[in-house]
Amino acid sequence: MKKFKSLLLILLLIPCCFLFTACNSYSENIVQVEKMYNDEIGTVYKLIYSDGSSSYIVDKDIDATAQKVDLEYVYNVMTENGYTGTYLDFIDEYLNINVSVTDTQLAVAKAINSVVSVYTDSGSAGSGVIYKMDDDYTYIVTNYHVVYNSNTYSPESTLYAYMFTDDVLYSGDNYSFSFGGDVLTCSYIGGSANYDIAVLRVNTADVLNNNIDACAVTIAENYYLAEDVIAIGNPNAEGISVTSGIVSVLSETIITENAKGDETQFHVMRIDAGVNPGNSGGGLFNSQGELIGIVNAKRNYNNDGTMASDIAYALPIDDVSVVADNIISKNKATNKVSNLTSIKLGISYVEEGKQIVSVNGEIMLNSSLVVQSVTKGGIADNLNIQAGDIIAGIKINNETYYIKNPNEIKLLLLNVNVGDEIALLVDVNDAYNYSTYTVLQSDLVNVD
């Protein structure tokens, strides 16, 4: 690792030898500005002119519409009139430049201070995002399989997070990239192997002492098929890095083993952004820097045994938020490690009529839930649900939610508490028949 870093440093420093060796007089306009890299004397930019020539300068900002000036000539005039600084001093003090930044750079700049690297006592590593912050605590969401210790058959109680802090790599008016920082000691407060979500807690004061710019992620309201995405995580435990791609499949189910070794179905979106071991738990962001998912898996082989490429998966933020909020609310109430809880309806159902539909320009996956069986004495039985019924929605405390797929009903049930009134909407000839039921303590079950 040290040899690699040294080589990288040498490669970055080599161009510095000739940055200011050729400053001739030009009359052409600047037509393009390229940010090259950073070193100890500042940010290096390449200026390309309309006659095809180019030069290099160092400073913070560049105005790509400005006329090209002979900086060396200006410097010489200034020295003749009493200026005593070096040429680099002149560049640093007098050159005021504004560089145009891409949408991807702005998105990363918005998200980067909400991403952490996660490490465990047992030596495993992954990623996480700052999901929520209050005056007392900061809550970090990661994957359950990142924090689960297969030797002790339980999540690790103490974990460590590193933020993207300290040495500034690039700064603008309202954002900055940076790297480094001190370790943050985190506590595990709850999670679920079957949803592959875990929540960690750390003192907010410690977070802000580590990085004053640390902030909770901005949650996206929607996400779409084929939209641009950015994955930010800790691949191979080597620190935060960024890759990009698109949403390849909006909604699908993958069957694999969870952290405990049990076969589990995960509701995911498919992406083609490059991810590797260590990206697990990291954020998947849209082009506005808003969180749309948590990276959790990658396909290594196709069904025919050949190597797979550009197939990775992320848990959609809609699912993540419901699970994380359930855990955080219970932890705030008890200040203890909390189980994820849901209610058991007492029905089995199958998904039929799966199809892709477009609603107001948004592409969605739609299907019907057909009841196969009803457990006698269960909630569904009390609601007069029968085999063959089509479940169209669920009403919780007079708030109606229409259901497009099985995953949605599972998530809605995570929000139900003791004393809530629920009803299942049954589609009968395009009319909804339902009765209500008040949830009892005995209806709540832990979700592993």
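Which residues does Val141 touch, not counting residues up to four places away in sequence? In this predicted model, where contact means heavy atoms within 4.5 Å, Val141 touches Gly128, Val129, Tyr131, Ile197, Ala198, Val199, Gly281, Ile294, Val320 and Ala324.

Residues are numbered from 1 along each chain as its sequence is written, and side-chain values use heavy atoms, with hydrogens and water left out. Because the model is predicted, local features need pLDDT of at least 70 and side-chain atom pairs count only at pLDDT 80 or more, while totals for chains, interfaces and linings use all residues.

Val141 is among the residues with the most contacts inside the largest nonpolar core, which has 52 residues; such a core is a set of buried Ala, Val, Leu, Ile, Met, Phe, Trp, Tyr and Cys residues joined through side-chain atoms within 4.5 Å, and buried means under 20% relative accessible area with a 1.4 Å probe, protein chains only. A second, separate core of 22 residues includes Ile385, Ile394, Leu412 and Val439.

Glu156 is buried yet has no salt bridge (a side-chain nitrogen of Lys or Arg within 4 Å of a carboxyl oxygen of Asp or Glu), and the nearest side chain of opposite charge, Lys260, is 14 Å away.

| Side chain | Partner side chain | Polar contact |
|---|---|---|
| Glu156 | Thr120 | 3.4 Å |
| Glu156 | Asn149 | 3.4 Å |

How values were computed. Buried < 20%, exposed > 50% of the residue type's maximum accessible area, 1.4 Å probe, protein only. Lys, Arg positive; Asp, Glu negative; His and termini not counted. Polar contact = N/O pair within 3.5 Å; in protein donor to acceptor, adjacent residues only side chain to side chain.
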